[in-house]
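Here are my notes on this model, point by point. Please read them with the structure open.

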Amino acid sequence: MQPHATADLTVPPTVTESPLLSYRDEATGERVDLTAQQVGAWSARSASLLRDGCGLGPGSRVAVLLPPHWRTAAVLLGAWACGLAVSFRPRATAGLPVLEPGGDRPFDAVFVTPERQDDWLEEVPDAPHRYLVGTGPGRLADVPLGWLDWSVEVLRHPDVTPDHTAIRPTDPASADGTTYGQWGALAREVAGMLDLRAGDRLLVDAAEHEQPLKWLLAPLSAGASVVISANLDPARRDAVVAAERVTRIL
């Protein structure tokens, strides 16, 4: 796949073919639709950033403190394409540390939203490579010293998946030591519990389901597409279901 010719890809264009991943913000009206090819392209850019930009590879560890979002999908899939061990967690409560076991080891990169970076309830781990990932359209207006805007940096890299050491099912895919094979099995098990099948379209309330096993890995393992809805008003859920042709709700 060749790099896109578009100069600024921070907001992908609306596509005519069926999207694999849709993101809609009910409060702002923002909408992004990504086909499977575009999801792959953004994931490849993220993988190239991690490998070529940060020098990371199998054995490296990254912390991802991001909500359900199309950019979060690109960060996670890109990290896993490089064979990295990822630590992801829901929003912290009452200042209690909730990183997985094994979090005492240093991280090589961290991804966080600006809101979480400034939230006193959060314990954002330090890392040599630190990226802010915005959830709105375009680039971030203010990036503190020592941080980089992911939406800017990722565009410096091609949308071609970098060569890397072959990933084995027994390699750790998360910081707690859970392997790629185990996460794959868990994803298929969750997809079965949700009765997800190829062709289904899953609606995800971004505020209620931050675990990527549910909103990303399970539907992808079943061949289902995903609609991530931020700021979803329960009173409008039926309208969203009808408009998006949703077949399953998380």
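1. Start with the elements. Helices (H or I, at least four residues) and strands (E, at least two) are DSSP runs, numbered from the N terminus. On that basis Ser-225 lies in strand 9. The model is predicted: local features need pLDDT of at least 70, side-chain atom pairs count only at pLDDT 80 or more, and totals for chains, interfaces and linings use all residues. Residues are numbered from 1 along each chain as its sequence is written, and side-chain values use heavy atoms, with hydrogens and water left out.

2. Is Ser-225 buried or exposed? Ser-225 is buried, at 11% relative accessible area. The scale: buried means under 20% relative accessible area, exposed over 50%, partly exposed in between (1.4 Å probe, protein chains only). Leaving aside residues up to four places away in sequence, Ser-225 touches Pro-19, Leu-20, Asp-200, Arg-201 and Leu-202. Contact here means heavy atoms within 4.5 Å. The side chain of Ser-225 also makes a polar contact with the side chain of Arg-201, at 3.2 Å. A polar contact is a pair of N or O atoms within 3.5 Å; within protein, one must be able to donate a hydrogen and the other to accept it, and residues adjacent in sequence count only if both atoms are side-chain atoms.

3. Five strands form an open sheet in the order 2-1-9-8-10, with mixed pairing. Two strands pair if DSSP finds at least two bridges between them. Strand 2 (31–34) and strand 10 (248–249) are the edges; each has a single partner strand, so one side of each is left without a neighbour in the sheet. Strand 8 (residues 201–205) pairs with strand 10 in the parallel sense over two bridges. Within strand 10, Arg-248 is the bridge partner of Leu-202. Helix 7 packs on this sheet, touching strand 1, strand 2, strand 8, strand 9 (225–230) and strand 10. The direction of helix 7 makes about 150° with that of strand 8. Axes are lines fitted to C-alpha atoms, for helices over the stretch in contact, and angles run from 0 to 180 degrees between N-to-C directions.

4. Next, charge. The count is 13 salt bridges, each a side-chain nitrogen of Lys or Arg within 4 Å of a carboxyl oxygen of Asp or Glu. Glu-244 and Arg-24 form one of them, 2.6 Å from N to O. That pair links distant parts of the chain: Glu-244 sits in helix 7 (residues 237–244) and Arg-24 in strand 1 (residues 21–25), 220 residues apart. Glu-244 is buried at 6%, and Arg-24 is buried at 13%.

5. Arg-24 has another partner. Glu-26 bridges to Arg-24 with the closest N and O atoms 2.5 Å apart. Glu-26 is partly exposed, at 22%. Shared partners join Arg-24, Glu-26, Arg-31, Asp-33, Arg-201, Arg-236 and Glu-244 into one salt-bridge network.

6. Last, the nonpolar packing. A nonpolar core is a set of buried Ala, Val, Leu, Ile, Met, Phe, Trp, Tyr and Cys residues joined through side-chain atoms within 4.5 Å. The largest has 52 residues, and Leu-50, Val-62, Phe-111 and Trp-150 have the most contacts inside it. Helix 2 (residues 70–81) gives the largest share, seven residues. A second, separate core of eight residues includes Leu-65, Phe-107, Val-110 and Ala-127.
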